[in-house]
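Work through the exercises below with the sequence and the model at hand. Each task is followed by a solution in steps.

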Amino acid sequence: MKGYERKQLLERVEREGATVGAAIPETITVQGEDINLREFVFEIKRRETIPPGERDQVDRAKSNLRRERLQRRQRLENEDISREEGERLVESIIGIDRALNALESLGPTDLEAEERAKDTADMKRWMSFLKKALGHENAGKRSRL
């Protein structure tokens with residue numbers, strides 16, 4: 001493959017909106033294991049909430065897909081491959097991106113826990129601000145304002 005062809009393919013991969021109209025691959029080999037990617041994504045998206053145990057599985061799948069995407073992109077960028085192989089890599093990378101977009105758009109599983117965590121973080125920031133404003137930033141952790 002010529003340098004300008006490689007550059008064009010890499011630009012296609014990185015183009016914003018590259019996944020518009022792209023299909024999630026039926027199956028994909030990730031780290032030597034065949035995965036029914038389309039079925040997995042549609043099954044997860046079909047549910048209103050995802051149980052915590054399955055949330056871990058989704059997070060692992062996203063991590064593995066990101067790793068696989070990076071490896072394929074590096075192969076496209078660095079290896080001596082044909083234009084046809086480059087095209088196949090681009091299509092697979094865009095398909096992985098489409099699957100990742102779908103999995104990233106999943107809503108939180110526990111809205112109440114997320115709200116509590118947000119409130120706790122807000123309270124900590126507020127207390128830190130007050131300590132600094134009142135000159136108590138070096139006082140013990142349990143000091144009262």
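Angles under 35 degrees count as roughly parallel, over 145 as roughly antiparallel, 65 to 115 as roughly perpendicular and the rest as oblique. The model is predicted, local features need pLDDT of at least 70, side-chain atom pairs count only at pLDDT 80 or more, and totals for chains, interfaces and linings use all residues. Residues are numbered from 1 along each chain as its sequence is written, and side-chain values use heavy atoms, with hydrogens and water left out.

**Exercise 1.** List the order of the elements in the protein chain.

Solution. Helices (H or I, at least four residues) and strands (E, at least two) are DSSP runs, numbered from the N terminus. The protein chain has five helices and two strands. Read from the N terminus, their order is α-β-β-α-α-α-α.

**Exercise 2.** Classify the packing of helix 1 and helix 4.

Solution. Axes are lines fitted to C-alpha atoms, for helices over the stretch in contact, and angles run from 0 to 180 degrees between N-to-C directions. Helix 1 (residues 3-14) and helix 4 (residues 83-104) have axes that cross at roughly 10 degrees and come within 9 Å. The two helices are therefore roughly parallel to each other. On helix 1 the contact (heavy atoms within 4.5 Å) involves Glu5, Gln8, Leu9, Arg12 and Val13. On helix 4 the residues include Arg83, Glu87, Val90 and Ile94.

**Exercise 3.** Is Val41 buried or exposed?

Solution. Buried means under 20% relative accessible area, exposed over 50%, partly exposed in between (1.4 Å probe, protein chains only). Val41 lies in helix 2. Its relative accessibility is 1%, so Val41 counts as buried. Leaving out residues up to four places away in sequence, Val41 touches Ile24, Ala99, Ala102 and Leu103. Of the 145 residues of the protein chain, 29% count as buried.
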